[in-house]
Structure formats: C-alpha cells, structure tokens
Amino acid sequence: EKGGYDYFMLKEIAEQPKAVADTLLGRIDLAGNLCLDEVRIPASVLREVTKVVIVACGTAYHAGMIAKYAIEHWTRIPCETELASEFRYRDPILDQRTLVIAISQSGETMDTLMALRHAREQGAKVLAICNTNGSTIPRESDAVLYTHAGPEVAVASTKAFLTQLVACYLVALYLGQVRGTKWGDEILSVIRELSEIATQVDEVLETMEPVRELARTLADKNTVLFLGRHVGFPVALEGALKLKELAYMHAEGFAAGELKHGPIALIEQDVPVVVVVPSPRGRSVLHDKIVSNIQEIRARGARTIVIAERGDASVAPYADHLIEIPVTPTLLQPLVATVPLQVFACELATARGNEVDQPRNLAKSVTVE
Ligand code: M6R
C-alpha cells in the first residue's frame, strides 16, 4: 500500500502534483472563471462579508496564514488568521457578516471544531476546508470546500497542505470574482497560472536529489533556522515544523525582517539557515531586503541554504547551497517552495534513524483540546 516507497510520507510527497490537480478539477471553467457553486453560500451573502477569520492548527494554520495574504490582496476584505486553540478564549469580535474559514485535513481536530462552534454561536458563517468527507468539521459548518488530496496516512502533513493552499486560493479568487475587485485582470491571470501549478510541483520533485544529499550532511546539527518574508514567512514556519516533528531537531522559523530585532544573535559559525527568497519580479523590494539578510547572516558564519526562483542570479554569490524553484506569481510561490522543505525534513529524519510516518509523541488527528 506504500506503492513501492519506504514510507507513506515519501508516497504522499510524490502524490502532490496529482493532489493539487484533483483539487482544481472541475472548479475552473473553460473561460477561466471559478465555479464554486458547491460551496452553497450565495454570492449575495459573500458580497456582504466585512471580515474573514481563518482558524486552524499546525500545518493547516500555516496554510491559513498564507491565505490571509491572498484574501486581503485579491478581495480587499480584512482577514485575520488565528490558531484555533487561542481563538475562542479571547472573546473574538464576530457577527453575521464575518466569514470564518476552518481549515482541517482530518476534519476532527478538537481545537478547530471548538473554534468553529464558537463562531457559529456568535452568528458568523463558517466555511470548512477539509480533506475528509463527512467528518465532524464539515458537518458542523455552513458550507464546505473539500480538498482532494486522498487519504493522508503519514502524521506529517504534506499533500494535504498543498491542497489546503489550493483551496484557499480558490476561495480568495472566488471572493474577488463575486465582489468584482479592481484586481480583475490579475485574478484571471492567476487562475490561469494556478492551472499550470501541478506541473511545476512535479518539476520541483524531479530536482530533489541535491536536497536529500544536503540533508544527510546535516544529520548531526542541533539547530536549523528558517527565514522568509511575506508568504515565505509561513513557508519558513512550515519548514521548521516539519523538521521538529520528523527530525526532533530544534528548528525555528522567523520573518526575515525580525532578524535584526533579536534572532540574529543566534547566528554563529556553521549554523544552517534556510532562506525562502521571494520572486525578484513583483514585490522586488522584499527580494532585495532578503538578499541583504542573506549577506548579513553569511558574514556571521551561517551556512546559507537558499530557496530561490530559477534564474535569480542575485542570490547565488551568497548561497552555500542553492535550491531553485520554478517561476510563479508571488502569492502562489508557497506551492513550490514548501516541497524542498518537506523532502529535507523527511531525509533528515531518515538519516537520524527516526520513524518517519509515526513520529514520537504525535497522533495524526488531535481529538482532544
Ligand atoms: O487534521 P488537521 O489539519 O486539523 O490537523 C492539524 C494539525 O494537527 C496538523 O496539521 C499537524 O500540525 C501535522 N502533524 C503537521 O505536519
């Protein structure tokens, strides 16, 4: 049932192009418009939404953090993303015009379920993004958009994450479409690019051998740091989470702009730092700032592992290891940038002799608060 792979996680990483394509299937029509009638929240209700709140845990929370950038940019609706376990305990402000999005692979995560129950009690509409048909979270929500990742067995979430991102982009673009924001042209072109993204995920998977080799050389390290900006920041957090749960190593993700506010003190000789570099096109200011972050940490002895868009010549001189990813629109970059981090964590776990599919102390779905 592992389809010739040593671990379910490896199989699930390899299945990502299909999972992404399946999640898009039937949701974009030939004219390039989104058809999400299945969501069954009338366009008239979506037009009235004044705030979006996303609740989720762990990896699903990272997908939600990325969704915030997409939703605010394409729809201009204020959006906040919150850890489900924190949400209801701070008496959040919600009303009938709040759209709450609960993201969960299993559909059984108790923290997320309690958050959505609280939201509905306050009158908010809840849309679930879920991978498990008929599970509790979609059953208790007003609407559901299923991800089509297929069953995910490994405790560490991989293909579910990519499909959660796809579902979040679809919701963001759909909200933009029904509300007719000024980004209409951009929305159409991103929908087109999204249709190509499965092929790009496949391209990344084809080039992972150097990442595996690199991971094996780092098996005796104590710490790995991850830096990113904009949507690269949640990608950095996700890279760190994968490493913690699989390799049992100390790993931390930072927003690169925060480096100078404290974390740069952690940089010492030979500490591996993975940096997710935004595209040099689009938000190029961010790109240039991160390039100077790479210079700063390298000058202090860090071993820089740089994930950058193919053809981005400016980072090469400061990268001890360069991992190239395909050219994508800025907001979609997490779909390709996360894959090397999954492979990296899986290989490190193997090199350290850990149980990849069943890491210690963890359960696939966390059904207690
Ligand atoms: O089933 P869910 O998506 O609600 O699960 C949420 C988290 O427990 C889950 O993503 C967890 O963080 C994974 N083990 C991460 O790889």
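**View 1. The second largest pocket in the predicted model has a volume of about 180 Å³.** This model is predicted, not experimental. The pocket lining consists of Tyr5, Leu10, Ile13, Ala14, Leu205, Met208, Arg212, Val343, Cys346 and Glu347. Two elements give two or more residues each to this lining: helix H1 (8-14) and helix H13 (334-351). By class, eight of the lining residues are nonpolar and two are charged. No polar residue takes part in the lining of the second largest pocket.

**View 2. The largest pocket holds about 550 Å³ of space.** Its lining has 22 residues, and the closest to the pocket centre are Cys57, Gly58, Thr59, Lys364 and Val366. Four elements each supply at least two lining residues: helix H4 (58-75), strand E3 (98-104), helix H6 (110-121) and helix H11 (232-247). H4 gives the most, with three residues. The lining of the largest pocket divides into ten polar, eight nonpolar and four charged residues.

**View 3. Helices H2 and H9 pack against each other at an angle of about 175°.** H2 covers residues 16-24 and H9 covers residues 184-206. The two axes are 8 Å apart. H2 and H9 are therefore roughly antiparallel, since angles over 145 degrees count as such. From H2, the contact uses Gln16, Pro17, Val20, Ala21 and Leu24. From H9, the contact uses Leu194, Ser195, Ile197, Ala198, Val201, Asp202 and Leu205. Nine of these contact residues are nonpolar, two are polar and one is charged. Leu205 of H9 belongs to this contact, and Leu205 also lines the second largest pocket.

**View 4. Five parallel strands form an open sheet in the order E7-E6-E8-E9-E10.** Strand E7 (250-255) and strand E10 (321-325) stand at the edges. Each has a single partner strand, so one side of each is left without a neighbour in the sheet. Neighbouring strands are turned by 15° against each other on average, direction ignored. Strand E6 (residues 223-228) pairs with E7 in the parallel sense over six bridges.

**View 5. Helix H13 lies across strands E6, E8, E9 and E10.** Strand E8 spans 272-276 and strand E9 spans 303-309. H13 runs at about 135° to E10. H13 also gives two or more residues to the lining of the second largest pocket.

View 6. Strand E1 (residues 51-56) and E2 pair in the parallel sense over five bridges. Within this part of the sheet, Ala56 stands opposite Leu83 in E2.

Conventions: Residues numbered from 1 in each chain as written. Predicted model: local features only at pLDDT ≥ 70, side-chain atom pairs only at ≥ 80, totals over all residues. Heavy atoms only, no water. 1 Å grid on protein atoms, 1.4 Å probe; cavity = no way out; pocket = protein on both sides within 12 Å on 5 of 7 lines; lining within 4 Å. Points joined across faces, edges and corners; volume = space filled by probe spheres on them. Nonpolar A, V, L, I, M, F, W, Y, C, P; charged D, E, K, R; others polar. Axes fitted to C-alpha atoms, helices over the stretch in contact; angles between N-to-C directions. Parallel < 35°, antiparallel > 145°, perpendicular 65-115°, else oblique. Contact = heavy atoms within 4.5 Å. Pairing = 2+ DSSP bridges.
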